[in-house]
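Me: I have a model open and would like to talk through a few details before I set anything up. Could you take my questions one at a time?

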Amino acid sequence: MSLLNSSIRDLHTKITSKEIKPSELVSASLERIAATDEKVKAFLLVTGEEALERAKQLDDVPADAGLLYGIPGALKDNLNVKGQPTTCASKILTGYVSAYDATAVSKLNETGAISVGKTNMDEFAMGSSGENSAFFPTRNPWDPDRVPGGSSSGSAATVAAGQVLFSLGSDTGGSIRQPAAYCGVVGLKPTYGLVSRFGLIAYASSLDQIGPFTQTVEDNAIVLQAIAGHDRYDSTSANVDIPNYLNALTGDIKGLRIGLPQEYFGEGLDAGVREQINKAIRVLESLGATVGEVSLPHSEYAVATYYLIAPAEASSNLARFDGVRYGLRVEGESLIDMYKNTRAEGFGEEVKRRIMLGTYALSSGYYDDYYLRAQKVRTLIRQDFDNAFEQYDVILSPTAPTTAFKFGGKTEDPITMYLNDIYTIPVNLAGIPAISVPCGFADGLPVGLQFIGKAFDESTLLRVAHAFEQANGVFARASL
Amino acid sequence: MSITVKEVEHIANLSRLTLTEEDKLSYAETMGRILDFATQLQTLDVANVEPTTHSLPLKNVLREDTAGKWLNQQEAVSQAPDQENGQFRVPAVMEG
């Protein structure tokens, strides 16, 4: 734990000065996983032998080794890694072995980072608690009776448990930021298009984005730097210049204009969370930021909009799981029966619900009233942010209305579960970036502070999150 | 906004899913509640609002039509539950 309880930069110094070898660091990570993952259940697959073998090949450290060289990390199990199973925590991908690397994975590999395994998640990234994994739930390292959040449940928990230095997750409606908040780690959802989605198994293609989980903001900037950039294999990848994100971490936020959306501080926000967010606002003011109120008037419509658009896209994306090309097949009398039997057995309850909701919203007679209308409301939600950013550099809010809840606490009613993402969903609909940084505790559980930024302005988000973290103190890892 | 078991059966068929009788009742109930929740969008005037299909101002992305190295046929079918001669094998589509 002691070795892993460092920043990436400190470990980098130790690696390049030959104080430690990448293989020793990877061994420490694997030992930590062996000692703690019975409790946490962050991993669906630990690729220990492969990781150690790769680390040994990297033990002869070149003089120009980058910051991630030899650093152990983990990948959400909806990212393809060549030669390894990718399950999306679904039975329908039983037996599937990826034939290629996701671009984010190959970019990490190029830096010398080492993946130690694939992390648990809500099936096909559909969920906010990790409870929709077809295999087992991941536990919150701060309290094993509570959920770690979702859908990137394992990716958040593994960093909080000090098993790895970083992980990748995906965020469609809050699936990086909300579990980061619940587990007390830093989670960033980049601008749509900044990180290639090639090799990420799609849930809702106009909303999905890959991003990093880390213990500190600086570590997060280091991982983002590695995975950001244009990719010819993703036609929605943005061809923009990638700044040096580390240069943004100046600690100086004097004069930064921070907007507080009044709609994010209303009914439903837990009093303990509110108190911590208010404390954080005072810290930011003491650093010289100016804070003022702003309105995002269509916020209340975001969850309903999301639950029409995302299922609609999912119903199309998940049509490919039909027992023909990969994964599970359950035989039937005809081709259609085979499709239906395979999908009935392979998909879990929530995935089926979203496929059917999406099919309904897109079906003849309902398209205009549901799907098209939701796309128009999406425009109004985007315009709210455009207007707010005329006055403010960043927007601040709680990441989630509550801290981590107990297992089974919200599984009865889908809408109660969906409302966990009330502060994160609008960001995906607008395609802009946001970061969750831990800011304190409410009843012994971590609280996440969210900063929302302009499109492709991750630098400002990292700058303000880093300045806050420096003033407030780096968050401790969970003791296990 | 309620949704009937018959509608659920129709949607399940379009979605290529078989459901048990119990599933149908449960989905009729939960999907009804979600669609009911979504009716709040009907209160907004969106007559003059353009839909957002995508958050980036994307245009067609083109590249030179040159061959590159990618999966070969054997690799492409390697994950199939059933294959024959480098092709996906499925149950008969037509009778006779």
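Me: Let's start with Phe321(A): where is the place of this residue in chain A?

Reply: Phe321(A) sits in the loop between H9 and H10 of chain A, where helices (H or I, at least four residues) and strands (E, at least two) are DSSP runs numbered from the N terminus. This is a predicted model, in which local features need pLDDT of at least 70 and side-chain atom pairs count only at pLDDT 80 or more, while totals for chains, interfaces and linings use all residues. Residues are numbered from 1 along each chain as its sequence is written, and chains are lettered from A and ligands numbered from 1 in the order in which they are written.

Me: Is Phe321(A) buried or exposed?

Reply: Phe321(A) is buried, because 26 other C-beta atoms lie within 10 Å; a residue is called buried if that count is 20 or more, exposed if it is 12 or fewer, and partly exposed in between, with C-beta atoms placed from the backbone.

Me: And which residues does Phe321(A) touch, not counting residues up to four places away in sequence?

Reply: Phe321(A) touches Ile92(A), Gly327(A), Arg343(A) and Gly346(A) on that basis, a contact being two C-beta atoms, placed from the backbone, within 7 Å. Thr342(A) is 21 residues from Phe321(A) in sequence, and their C-alpha atoms are 8.4 Å apart in space.

Me: Which residues of H10(A) are buried?

Reply: Met338(A), Tyr339(A), Lys340(A), Asn341(A), Thr342(A), Arg343(A) and Gly346(A) are buried in H10(A). The helix H10(A) has twelve residues and reaches 16 Å from its first C-alpha to its last, close to the 16 Å expected at 1.5 Å a residue, where the expected span is 1.5 Å times one less than the number of residues.

Me: New topic: how do the axes of H8(A) and H15(A) cross?

Reply: The axes of H8 (residues 271-286) and H15 (residues 458-472) of chain A come within 10 Å and cross at roughly 100°. Axes here are lines fitted to C-alpha atoms, for helices over the stretch in contact, and angles run from 0 to 180 degrees between N-to-C directions. H8(A) and H15(A) are therefore roughly perpendicular, a label that covers 65 to 115 degrees, whereas under 35 counts as roughly parallel, over 145 as roughly antiparallel and the rest as oblique.

Me: Which residues make that contact between H8(A) and H15(A)?

Reply: Ala280(A), Val283(A) and Leu284(A) come from H8(A), and Phe468(A), Ala471(A) and Asn472(A) from H15(A). They divide into five nonpolar, one polar and no charged, with Ala, Val, Leu, Ile, Met, Phe, Trp, Tyr, Cys and Pro counted as nonpolar, Asp, Glu, Lys and Arg as charged, and the others, Gly among them, as polar.

Me: What about the side of chain A that touches chain B, which helix supplies the largest share?

Reply: In total, 54 residues of chain A are in contact with 40 residues of chain B, and the largest share of the chain A side, eleven residues, comes from H12(A). By class, that side of chain A has 27 nonpolar, 15 polar and twelve charged residues.

Me: Last one: what is the radius of gyration of chain B, and of chain A?

Reply: Chain B has three helices and two strands, and its radius of gyration is 23 Å, well over the 12 Å that the globule rule gives for 96 residues, so chain B is more spread out than a compact globule. Chain A has 15 helices and eleven strands, and its radius of gyration is 21 Å, close to the 23 Å from the rule for 480 residues, so chain A is as compact as a globular protein of that length. The radius is taken over C-alpha atoms, and the globule rule is 2.2 Å times the number of residues to the power 0.38.
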